[in-house]
Amino acid sequence: MIAELGHYALVLALALGLIQAIAPIVGARAGDAALMRLANSTALMQFAFVAFSFAALTICYVNSDFSVANVFENSHSRMPLIYKITSVWGNHEGSMLLWVLILALFGALVAAFGSNLPATLKAYVLAVQSWIASAFYLFILLTSNPFLRLDQAPSEGRDLNPILQDPGLAIHPPLLYVGYVGFSLAFSFAIAALIEGRIDAAWARWVRPWTLAAWMFLTIGIAMGSYWAYYTLGWGGFWFWDPVENASFMPWLAGTALLHSAVVMEKRNALKIWTILLAILTFSLSLIGTFLVRSGVLTSVHAFATDPTRGVFILAILILFIGGGLTLFAWRAPMLKQGGIFAPISREGALVFNNLFLTTACLTVFVGTLYPLALEALTGDKISVGAPFFNLTFGPLFVALLFVVPFGPLLAWKRGDILGVAQRLMAAFAIGIVAVAATFAVENGQSVLAPFGVGLAFYVMAGSLIDLVERTGLFRLPLATVRMRAAGLPRSTWGTAVAHFGVAVSMLGIICAATWGSERIIALKPTQTVSISGYELSFDGIARRPGPNYESLIARFTVRHGAEVIGVMEPSKRTFSSRSMTTNEAALMTIGAGQLYLSLGDPNDDGALAIRLYYKPMVMLIWLGAVVMMLGGALSLSDRRLRVGAPKPAARSAMQAAE
Amino acid sequence: MTRKQRRLVLIGTSLCVLAVAAGLILSAMRDSIVFFTSPTDVVEKHSPPGARLRIGGLVKPGSVVRGDNLQVRFAITDGKTDIPAHYQGIVPDLFREGQGVVAEGKLEPGGTFAADSVLAKHDERYMPREVVDALKKSGRWEESESRRPGGTSR
C-alpha cells in the first residue's frame with residue numbers, strides 16, 4: 001500500500017510541476033500577481049509530495065518489503081538498518097528519486113526564502129526549476145519507477161552490491177547530489193534573466209550564495225567519494241580519472257569558475273553575459289554527468305543498446321535543456337546591457353584569468369572523458385584515456401592557475417598594480433623557494449618536479465594568508481588591535497583566504513602521497529614481518545568472523561616503529577554469499593598526516609597470504625584541504641552582505657521595473 | 001585603452017590559452033592513449049612488440065600458474081586465439097579461470113604479453129564491456145549471458 005501511495009505522490013508532484021511550469025510565466029507576462037504567487041505554493045507542495053514519495057520508498061526498504069521489485073533487487077533482510085536506508089539511493093531508480101527530491105527542495109527554498117526577489121524574476125525562476133523537475137518526474141515514472149511490484153513476493157532480497165555497503169557511501173551520494181542539483185538554481189536564474197532580458201548586480205547577489213552552497217556540498221561530496229574509493233578499492237589510489245569521477249569534477253570546475261565570475265558581476269556589474277553562459281554550462285555539465293552515470297553508456301554499450309529507453313530519455317532531457325538554454329542565450333544575450341569596464345591588470349582581470357583557466361581545464365577533462373565514447377561510436381575503435389592524459393593536459397593548466405591565485409585578492413578593482421602586488425607577495429615567494437630547497441635536500445633525488453610542486457603549494461598557502469596578515473596588522477600591531485581588526489574584516493575576505501589555502505593544502509597532499517609514497521606487495525606467512533618506511537609489521541595470524549550478512553577473513557598485524565608497538569592493523573576480506581562476491585576492507589593507520597594502508601590479496605596454497613602495504617605520506621591533507629575549502633565557502637556564505645544586504649537591491653530592481 | 005582594445009586583449013589571451021590547451025590535448029592523445037584489442041586482433045593485426053595495449057577476454061581455464069614472488073602466468077582467450085600473459089603482483093579478487101579479464105601492458109618479442117595491470121569484473125553480474133565486445137566478435141558471446149549489468153554506482 002505504501003509503495004502505491006509513494007508512486008501516486010510522485011504522479012501528483014508531476015501534475016503540480018506541470019502547473020508550475022506554465023502558470024507563473026503566464027502570470028508574469030500578464031502582470032497577474034496571483035498567478036505568479038501560485039508558484040510559491042506549488043513549489044512547496046511539490047517538495048512535500050516528493051518527500052512523501054521518498055519516505056515511502058525508504059519505509060519499503062526499512063520493512064524489507066520484497067514485493068517491491070526495487071527493494072528485492074537491492075536489499076537483504078539481514079542488512080544493518082543503516083544500509084537498508086542507504087540502499088534507497090544505492091541503485092538507479094532510488095538515486096533518481098533522490099535527484100528529484102533535491103531538485104524540489106531547491107525550488108521550495110526559493111519559494112520560501114525568496115520573498116525579497118522581484119516578483120517576475122521569482123516567477124520565471126520557479127517555472128524553469130519546474131521544467132527541469134517535471135522532465136525528471138516523467139523520466140522516473142516512465143522508465144525508472146522504483147515502486148513496481150513483483151507478482152509474487154520473494155522471501156529474501158538479492159542484497160545491495162557489497163562494495164556499496166559502507167558508511168562512506170551512506171553520505172557521499174546525497175552530498176554530491178545536493179551539489180550537482182544545486183547548480184540547477186543557477187541555471188534557472190540564468191534562463192529567467194534571459195527571458196526577462198534584464199540582469200543586474202542584484203541577480204548575482206542572489207545567484208552567488210546558492211551557487212556557493214551547492215559548490216560546498218559538491219566539494220565535500222567529491223572528497224568523500226575520493227576517500228571512499230581510496231579505502232574500498234584496495235590499492236590506495238585516491239583519484240582515478242574515471243568517467244564517473246570526472247562527471248562530478250567537471251561541474252565542480254565550472255561551478256568554481258561561476259562563483260568567481262559572479263563576484264565580478266556583483267561588485268562591478270561586469271562580465272554579465274559570460275556569467276549567464278557559465279551558469280548554463282555548469283548545470284549542463286551536471287546533466288551530462290547524470291547522463292554518463294545513469295544511462296549505462298559507461299558500464300556497457302551493450303546495455304545501452306539493448307535497453308536504450310533510459311539513455312535516450314536522459315539524452316532527450318539533455319538536448320532539450322542544454323540546447324534550449326544555449327539557443328535562448330544566443331538569441332537574448334546580445335540584448336543585455338554591457339557592464340563596467342576594467343583594465344586587463346586588475347581584480348576583474350585576475351578573475352577573468354581564473355575563469356579562462358578553470359573552463360579550459362574543464363574542457364580538457366571533458367575531451368578526455370567523452371572522446372573515447374565518441375570515437376567508439378564513430379569508428380568502433382576502443383581506447384582508454386587514463387591518468388597520463390589528464391596529468392599532461394589538466395596538470396599544466398592548473399599549475400598556471402595556482403601560480404596566479406595569490407595575486408587575485410591583492411589586486412585592486414578596475415586597475416591594479418602588478419609590481420606592487422608582487423612586492424607584497426615577496427614573503428610568499430621566499431617561503432615557496434625555501435620549501436623547494438628544503439624538499440630537494442630531504443628527498444634525495446626521487447623526483448625533480450615534485451619539489452617545485454611543494455614550493456608552489458607553500459607559496460599559495462602563504463600568499464592566501466598575506467591579505468589577512470596585512471589587513472589585520474598581525475606581527476606589526478598589538479594583539480588586541482589585531483583581534484579587533486580581524487573581527488572587523490568582511491567574512492568573504494576570510495572565506496577567500498581560507499578556500500585558497502585549502503586548495504594548496506589538497507595540492508600538497510596529492511603531490512606528497514603520489515611522489516613519496518612507498519609500496520610493498522608481498523606474500524607473508526604468520527609470524528613473518530615486513531617493513532616499510534621505517535615501520536615494521538608482523539603478521540600475527542588469520543581469524544574468521546561472521547558478520548550480519550557476510551563472512552569475514554581477518555588478518556592481524558602488529559605495527560612497530562623502532563622497538564615500540566604503535567598499534568594493530570586488521571585488514572579483512574568479506575564474502576557475501578548472496579551475491580558470491582568478496583570485498584576488501586583495507587586497514588588504515590593514520591600517523592600524523594600520513595597513513596599506513598594494508599589490504600589483503602588471496603591466500604596461496606602454502607598458507608602464505610598476499611598483502612598490499614603502502615605508506616602514503618601527507619595523504620590526509622588531500623581531504624583535509626577539501627574540508628578547508630568548504631569552510632572557506634561557509635565563511636563567505638556567512639558574509640554580512642549576503643545576509644542583510646539583499647533587500648536594498650531588490651527595492652532598486654523593483655523601481656527599475658516600474659520605470 | 002578603449003573598450004574595443006580591451007576586448008581584443010581578452011579575446012587574444014583566451015585564444016592563446018585555448019591554443020595551448022589544444023596543443024596539450026593533442027600531444028597527450030598521441031602518447032598516453034591505449035588502444036583496446038582482442039586476442040584475435042593482436043595476432044591478425046600483427047601488433048608490434050613494445051606497443052602498449054589493453055587485451056580483453058577470458059582467463060583460459062587451466063592456464064593459471066602461480067610462481068614465486070607473486071608471479072602469475074595465464075592465457076587470455078576469446079575462444080579463437082590465446083595470448084600467453086604474465087603479471088607480477090596481486091590479481092584482483094575476481095580473477096578466476098573462465099572469467100572475464102582486461103590486462104594492460106606491453107607485448108614482448110616472443111608474443112607473450114607482459115601485463116602491468118590486470119582488471120577483473122567487479123561482480124557476478126558485470127562483465128567488462130571490452131570483454132563482451134571481444135567475445136561477440138569471435139562469436140563466443142551468448143545472449144543468455146547478457147544479464148543486466150551490475151550497478152556499480154557511486
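**View 1. Helix 6 and helix 12 of chain A pack at an angle of about 170°.** In this predicted model, helix 6 spans residues 119-143, helix 12 spans residues 308-332, and their axes lie 10 Å apart. Helices are DSSP runs of H or I with at least four residues, numbered from the N terminus. Axes are lines fitted to C-alpha atoms over the stretch in contact, and angles run from 0 to 180 degrees between N-to-C directions. The two helices of chain A are therefore roughly antiparallel (angles over 145 degrees). A:Ile132, A:Ala135, A:Phe139 and A:Thr143 of helix 6 meet residues of helix 12 including A:Arg310, A:Phe313 and A:Phe321. Contact here requires C-beta atoms, placed from the backbone, within 7 Å.

**View 2. Helix 14 of chain A crosses helix 1 of chain B at roughly 165°.** On the chain A side are A:Phe389, A:Leu392, A:Thr393, A:Pro396 and A:Leu397. They meet B:Ala21, B:Leu24, B:Ile25 and B:Ala28.

**View 3. A:Ala279 sits in the largest nonpolar core.** Such a core joins buried Ala, Val, Leu, Ile, Met, Phe, Trp, Tyr and Cys residues through C-beta atoms within 7 Å; buried means 20 or more other C-beta atoms within 10 Å. This core has 190 residues. Helix 8 (residues 201-232) of chain A gives the most, with 19. Beyond its neighbours within four places in sequence, A:Ala279 contacts residues including A:Ala186, A:Phe189 and A:Leu258.

**Numbering and confidence.** Residues are numbered from 1 along each chain as its sequence is written, with chains lettered from A and ligands numbered from 1 in written order. Local features need pLDDT of at least 70, side-chain atom pairs count only at pLDDT 80 or more, and totals for chains, interfaces and linings use all residues.

Note on methods. Buried ≥ 20, exposed ≤ 12 C-beta atoms within 10 Å, placed from the backbone. Contact = placed C-beta atoms within 7 Å. Parallel < 35°, antiparallel > 145°, perpendicular 65-115°, else oblique.
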